[in-house]
Amino acid sequence: MLDAVVFYTLAALILGLGVLVITARSAVHSVLFLVLNFLLIAALYVTLNAEYLAVIQIMVYAGGIVVLYLFVVMLVNLKQEAEQFADPRRLSKLGTVLAGAVLAQVIGIAVYTSMRGTTEPVSGGLGSNTPFLTGNTEQLGWVLYTSYLIPFELASVLLLVAMVGAIVLAKKNL
């Protein structure tokens, strides 16, 4: 009974803060509501006995991504017109070709993975009979670095691109 009350209270607060993120007039206030939303999602993970996800939620989202959002909001002047941001030295054709190459690689990886047919369970993973000693964190780490290594690496590349983008936006003179 208490678990249900806590869950529905956290769910209502998360939905309310989600609405405030969208409707806030100030971009800084919107990001602060987003931080509170991420912290409440971490609290919801703790109530569901997913402590690893709660810690990752706080470290990655409430710590890293929100700092990136605030960094961009503070540096981008929203009062200028969009045409003033155009850079004549930008290599849009090269960027399109590189994006197409990355898309072709992702499609190739997906086709190769589906053709390979990995149906056997990973030894020591979630489907094995050997119990883990430390709990769900070890299980998640084992599956993440064996069965889901390619999506994990794609997520790391995405975060790297976001970091490079933030650095490019922060530079005054390109």
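Figure 1. Among contacts in the protein chain between residues at least 6 apart in sequence, 52% link residues at least 24 apart. Contact here means heavy atoms within 4.5 Å. The model is predicted: local features need pLDDT of at least 70, side-chain atom pairs count only at pLDDT 80 or more, and totals for chains, interfaces and linings use all residues. Residues are numbered from 1 along each chain as its sequence is written, and side-chain values use heavy atoms, with hydrogens and water left out. The protein chain has 6 helices and 0 strands. Along the sequence, the pattern reads α-α-α-α-α-α. Helices (H or I, at least four residues) and strands (E, at least two) are DSSP runs, numbered from the N terminus. Of the 174 residues in the protein chain, 13% are buried. Buried means under 20% relative accessible area, exposed over 50%, and partly exposed in between (1.4 Å probe, protein chains only). The accessible surface of the protein chain is about 13300 Å². Carbon and sulfur atoms account for 71% of that surface. Areas come from the Shrake-Rupley method with a 1.4 Å probe; for residues, only the protein chains shown count as cover.

**Figure 2. Two nonpolar cores.** A nonpolar core is a set of buried Ala, Val, Leu, Ile, Met, Phe, Trp, Tyr and Cys residues joined through side-chain atoms within 4.5 Å. The largest one has 6 residues: Val21, Val31, Leu34, Phe38, Ala62 and Val66. Helix H2 (27-47) and helix H3 (51-75) each contribute at least two residues to this core. H2 gives the largest share, 3 residues. A second, separate core has 5 residues, including Ile14, Leu17, Leu40 and Leu44. In soluble globular proteins, nonpolar side chains tend to be buried together.

**Figure 3. Val66 and Ala62, two members of the largest core.** Val66 sits in helix H3. Leaving out residues up to four places away in sequence, Val66 touches Val31, Leu34, Val35, Phe38 and Tyr61. Val66 and Val35 are 31 residues apart in sequence, yet their C-alpha atoms are 6.7 Å apart in space. With residues up to four places away again not counted, Ala62 touches Phe38, Leu39 and Gln57.

**Figure 4. Asn37, a buried residue of helix H2.** The relative accessible area of Asn37 is 9%, so this residue counts as buried. Which residues does Asn37 touch, not counting those up to four places away in sequence? They are Ile14, Leu17 and Gly18.

**Figure 5. Aromatic pairs.** The structure holds 3 aromatic pairs (rings of Phe, Tyr and Trp, its six-membered ring, with centres within 6.5 Å; planes under 30 degrees apart are stacked, over 60 edge-to-face and the rest tilted). In one of them, the ring centres of Phe7 and Tyr8 are 5.4 Å apart and the planes are at 75 degrees, so the pair is edge-to-face. Phe7 is partly exposed at 34% relative accessible area, and Tyr8 is exposed at 58%. Another pair joins Phe38 and Tyr61: the centres are 5.3 Å apart and the planes at 45 degrees, so this pair is tilted. Phe38 lies in helix H2 and Tyr61 in helix H3, so the pair ties together parts 23 residues apart in sequence. Phe38 is buried, with a relative accessible area of 13%. Tyr61 is partly exposed, at 38%.

**Figure 6. Asn49, in the loop between H2 and H3.** Asn49 is not a glycine, but its phi is positive, about 60 degrees. Most residues other than glycine have a negative phi. Asn49 counts as exposed because its relative accessibility is 54%.

**Figure 7. A nonpolar surface patch.** Val102, Val106, Ile109, Ile150 and Leu154 make a nonpolar patch of about 360 Å². Patches are made of residues with over 30% relative accessible area and no salt bridge; like charges are joined within 9 Å, nonpolar side chains (Val, Leu, Ile, Met, Phe, Trp, Tyr) within 5 Å. A salt bridge is a side-chain nitrogen of Lys or Arg within 4 Å of a carboxyl oxygen of Asp or Glu. Helix H4 (92-116) and helix H6 (149-170) each supply at least two residues of the nonpolar patch. The largest share, 3 residues, belongs to H4. Val102 lies in helix H4. Its relative accessible area is 48%, so Val102 is partly exposed.
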